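Trainee: I have a new structure to read. Please walk me through its features.
Mentor: Gladly. Let us look at the structure together.

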Amino acid sequence: DNPPPMISLHDLVGERLENDLAKAGNVKNQVSLIDDLMAKWPEDSFYQAAGLRKIVSIRGKDPLGDYLMPALSSPYEILSETAVELAAGLPGIGTDHWTGNLAAWTEDELVGVLRVLVRRKDPKALKAIQPYLSHENPEVRKAAELAIESLPQPKNQ
């Protein structure tokens with residue numbers, strides 16, 4: 001009649017990470033320890049996602065290239081979804097950053113960036129995404145199609 005509240009696996013792994021970090025002390029040591037711990041368990045996508053969340057909370061938009069971009073193209077859905085969520089919400093990085101660099105990213109990164117644009121829900125991205133509807137890579141095409149379908153249409157149409 002009165003079941004205990006559900007606890008998410010993300011929360012449990014986040015607690016495990018915090019316990020592991022208790023030994024680190026200062027923030028600089030925490031980032032270094034997170035790097036070591038993530039390297040120790042590369043296939044534990046929940047731990048990788050917890051580490052990524054912690055690094056972004058510590059370093060803000062600074063970890064974009066070192067941590068978020070590789071995570072966006074991760075084959076592990078938990079990790080890549082966390083990276084999309086974090087990248088879409090980075091303060092000081094607007095839609096223009098993502099759309100202005102589309103041609104510079106690898107195909108795997110591009111799929112992740114298109115998912116970031118969907119998460120941002122900014123109709124300004126539509127024009128930049130259009131050329132990727134005919135991309136040679138089917139995964140990129142699929143991500144572009146989803147982005148076009150998911151983004152709100154500009155109000156001036």
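Predicted model: local features only at pLDDT ≥ 70, side-chain atom pairs only at ≥ 80, totals over all residues.

Trainee: Are Asp 96 and Lys 124 buried or exposed?

Mentor: Asp 96 is exposed, and Lys 124 is exposed too.

Trainee: What is the general idea behind such a pair?

Mentor: Side chains of opposite charge can pair when their charged atoms come close. Here the cut-off is a side-chain nitrogen of Lys or Arg within 4 Å of a carboxyl oxygen of Asp or Glu.

Trainee: How many salt bridges does the whole structure have?

Mentor: A search of the whole structure finds 6. One of them joins the side chains of Asp 44 and Arg 16, at 3.6 Å from N to O. That pair links distant parts of the chain, 28 residues apart: Asp 44 is in the loop between α2 and α3, and Arg 16 is in helix α1.

Trainee: How exposed are Asp 44 and Arg 16?

Mentor: Asp 44 is partly exposed, with a relative accessible area of 23%. Arg 16 is at 30% and also counts as partly exposed.

Trainee: Which residue meets Arg 119 in a salt bridge?

Mentor: Glu 81 does, with 3.2 Å from N to O. Arg 119 lies in helix α7 and Glu 81 in helix α5 (residues 77-88), so their pair ties together parts 38 residues apart in sequence. Arg 119 is partly exposed, at 38% relative accessible area. Glu 81 is partly exposed as well, at 33%.

Trainee: Which residues are linked with Glu 81 and Arg 119 in a network of salt bridges?

Mentor: Glu 85 and Arg 115 belong to that network with them.

Trainee: Now the pocket. What is the volume of the largest pocket?

Mentor: About 210 Å³. Next, check what lines the largest pocket: among the residues are Asp 35, Met 38, Leu 52, Tyr 67, Ser 74 and Leu 79. Helices α2 (27-40), α3 (45-59) and α4 (64-72) each give two or more residues to the lining.

Trainee: Which element gives the most to the lining?

Mentor: α4, with 4 residues. Then sort the lining by class: 8 residues are nonpolar, 2 are polar and 2 are charged.

Trainee: How far apart are Leu 79 and Glu 109?

Mentor: They are 30 residues apart in sequence and 13 Å apart in space, C-alpha to C-alpha. Leu 79 is in the pocket lining. Glu 109 lies in helix α7 (residues 107-120).

Trainee: Why does Glu 109 count as buried?

Mentor: Read the number against the cut-off. Buried means under 20% relative accessible area. Glu 109 is at 18%, so Glu 109 counts as buried.

Trainee: Finally, which residues make the nonpolar surface patch of about 280 Å²?

Mentor: Ile 7, Leu 9 and Leu 12 make that patch. Leu 9 is in helix α1 (residues 9-21). Leu 9 is partly exposed, with a relative accessible area of 44%.

Terms used
Residues numbered from 1 in each chain as written. Heavy atoms only, no water. 1 Å grid on protein atoms, 1.4 Å probe; cavity = no way out; pocket = protein on both sides within 12 Å on 5 of 7 lines; lining within 4 Å. Points joined across faces, edges and corners; volume = space filled by probe spheres on them. Nonpolar A, V, L, I, M, F, W, Y, C, P; charged D, E, K, R; others polar. Patch = residues over 30% accessible without salt bridge, like charges linked within 9 Å, V, L, I, M, F, W, Y side chains within 5 Å. Areas by Shrake-Rupley, 256 points an atom, 1.4 Å probe, with all protein chains shown as cover. Buried < 20%, exposed > 50% of the residue type's maximum accessible area, 1.4 Å probe, protein only.
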